[in-house]
Each structure stands twice: as C-alpha cells, then as structure tokens.
Amino acid sequence: MASELDIFVGNTTLIDEDVYRLWLDGYSVSDAVALRVRSGILEQTGATAAVLQSDTMDHYRTFQMLERLLHAPPKLLHQLIFQIPPSRQALLIERYYTFDEAFVREVLGKKLSKGTKKDLDDISTKTGITLKSCRRQFDNFKRVFKVVEEMRGSLVDNIQQHFLLSDRLARDYAAIVFFANNRFETGKKKLQYLSFGDFAFCAELMIQNWTLGAVGEAPTEPDSQVDDMDMDLDKEFLQDLKELKVLVADKDLLDLHKSLVCTALRGKLGVFSEMEANFKNLSRGLVNVAAKLTHNKDVRDLFVDLVEKFLEPCRSDHWPLSDVRLFLNQYSASVHSLDGFRYQALWDRYMGTLRGCLLRLYHD
C-alpha cells in the first residue's frame, strides 16, 4: 500500500522567544535545556530530551550568528542570509538591547571603560545576573556611547537612527550615555533608594534644558570643535549660575523672598512652621548647588548635594510630597516678584529642571 507524505520547505529563520531569552540571560546550552525541561515542554510537545537538546543548540547557533548583525541593527534589516520577518527583527533588536534595572544601577554614571568592565564579576555576584549577560549589557552601553558620542543633534534621535530601538528604550540609552559622559555619582549609599527610572527622568530634563542642544547653539566657525549638543552641559549656562548667589548673599533679597513665599503659603502648607523656620537653609542649599556647578566634581556630585541639601531636611521634617510641590512652585515663582533681581530667565532655566528632578526624587 502506497503511503503519501506531504513536505513543506521554507527558509524563514525560526525564532523561539523563550530560548532567545535564555540565551540573552547568559545560560549555557545545558542550563537552558534543564530550564526548558523544568517548564514542562517535553510533556507539552511529546519531544524527547535528545530532540530538545538539539533544538536548543540549533537556536543558540542561530543567535550567535545573528549577534554580529545585532551590534549594528541596520545590517540585520539589509542582510539576505536570514529570512526574518520585520516584526521578528524588531523583537530581536529590542530584546538584545534591553537591560536589567539591577545591572544598570551598578554602572550608571561610571566611565564605560576596561576598568569598569573588570568589576563585572562582582556585579554579577551582587545582582545574580550571569556574567555573560552583564558583559552583553555593558558592551551594549559602550557600543551605543561610542557611536553617538561625536554626533551632533538629538541624542535620542541618533540612537534610534543607528540602533533602531523603540522610543522608550532609546530614551533610556540617552540617559545612560548622558550620565556616563558627565560622570554623575549614583552609587553612594544615600542614593541607593533611587531607581534608574528616577535618574533617567532627571537626565531627560537636563538634556532638554541644560545642554547646548537645549538652546540650539551652533559653532562660530564651520570647522570648530564644538561640544556634543545633547551630551555636554552648557558650560556658559553653568558659569552664569553663579549670579544666582545674590538670592542668598543679599540679606534683603533673602528676607523678601522668604516673606513672599510664607505669605503665599500660610494656611496652605501642613508643614508651614517647619518650612518657615528652615526656609533660609533650604534656599541656601538650592542656590549654592547652582553656584558650584562650574566645577566638574560638583557636577558629578549633583544628586548627592540635592539629597543632602534639600531632600533629607524635608524628609526629616516629614514633609508630604504635596507640600514639597507647593513649596517648590511658590519658591520658584516668587523670585519674579523680587525687584532688582535681574536673572529671571537664568533662574527659570535652572529651577524649572531642578523642581522637576526634586519632585521625582522625593520619596515621602
């Protein structure tokens, strides 16, 4: 009796998302097989252990061949060796560049150099993330940094153009690049309560308002060496911030500022008496942070200073977030009513960003 056999031949590269995740997480083939067995896949499919081993190895070989293309995502789109649908290509790229919150918190603000890479063993042990995955994530950060560091224009747009990431992931990478470039301190014990999302939020505000890109600066000569628009803080702006010291150095201005804020907030603030008693210290803290940003070390310590000079004093007096918001809004706006203060635009550029950061970083 003749038997019939239907055969289908295709050349589409099959991508198993679960195996891809195991590969990205840095598991060996044997560990990946063990985890797949534990998930119940043999019972679900009726496959044998040998078939599962072969299937896993086959996927791993495919991912290893794809990896060099993932280092430059546009190449993945234009190559002809692997027939992968566009939606699958996007998934491969996005997940390859996705990172672990625990890992990025350990390297955020550090120089993306061999010295930091030597610490990956310790970071792997501390976070429970495999060393292989730590290396992939670190190399991704470094690769993106290297590609965009000399580029002019929007940092987010440059990252999206060259790495084809989603808007949200490109913004996260922009924050990582911005922090690495400016070397902001994020590892001190008093900053450990802050998440990567908190820092990324502040990075976005600073990129939008405190960099050369924020004011659309252009080189005075075609061939002049100009700082990268979205990566470097506007040095002229940082120098000008010293002018704000008059708000606390001039006793009459300081007293008038306090009077305006207290008059506006009396009866509206649950911690009014604490605010009134501590106003001058809080104001000195916020203004002195601005005045010190001319020095690289003080730029690096920005978040340490914000915690020490403002956030911790407010927390110790048990300010609810709603009162912090009311105070910062009024504190910022009242400066416009100070006769003789000539730096309103500079103040708004500084406090607009600082107010947003402080409200994000304040956890009551």
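Reader: Before we start, what are the ground rules?

Author: Happy to set them out: this is a predicted model, where local features need pLDDT of at least 70, side-chain atom pairs count only at pLDDT 80 or more, and totals for chains, interfaces and linings use all residues. Residues are numbered from 1 along each chain as its sequence is written, and side-chain values use heavy atoms, with hydrogens and water left out.

Reader: What makes up the secondary structure of the protein chain?

Author: The chain has 22 helices and zero strands; helices (H or I, at least four residues) and strands (E, at least two) are DSSP runs, numbered from the N terminus.

Reader: Why is the protein chain called more spread out than a compact globule?

Author: The globule rule is 2.2 Å times the number of residues to the power 0.38, and the radius of gyration is taken over C-alpha atoms. For 364 residues the rule gives 21 Å, and the chain comes to 26 Å, well over that, so it is more spread out than a compact globule. Its C-alpha atoms fill a box of roughly 105 × 55 × 40 Å along the principal axes.

Reader: Why is helix 18 called roughly antiparallel to helix 20?

Author: Helix 18 (residues 272-291) and helix 20 (residues 302-316) pack at about 170°, with axes 10 Å apart. Axes are lines fitted to C-alpha atoms, for helices over the stretch in contact, and angles run from 0 to 180 degrees between N-to-C directions. Angles under 35 degrees count as roughly parallel, over 145 as roughly antiparallel, 65 to 115 as roughly perpendicular and the rest as oblique, so this pair is roughly antiparallel.

Reader: And what makes helix 6 roughly perpendicular to helix 10?

Author: Helix 6 (residues 86-97) and helix 10 (residues 131-148) pack at an angle of about 100°, their axes 9 Å apart, which makes the two roughly perpendicular. Arg95, Tyr96 and Tyr97 in helix 6 meet Arg136, Asn140, Arg143 and Val144 in helix 10, where contact means heavy atoms within 4.5 Å.

Reader: How do you know whether Met231 is buried or exposed?

Author: Buried means under 20% relative accessible area, exposed over 50%, partly exposed in between (1.4 Å probe, protein chains only). Met231 has 2% relative accessibility, so it counts as buried. Met231 is found in the loop between helix 14 (212-215) and helix 15 (235-240). Leaving aside neighbours within four places in sequence, its contacts include Phe145, Val148, Leu155 and Phe178.
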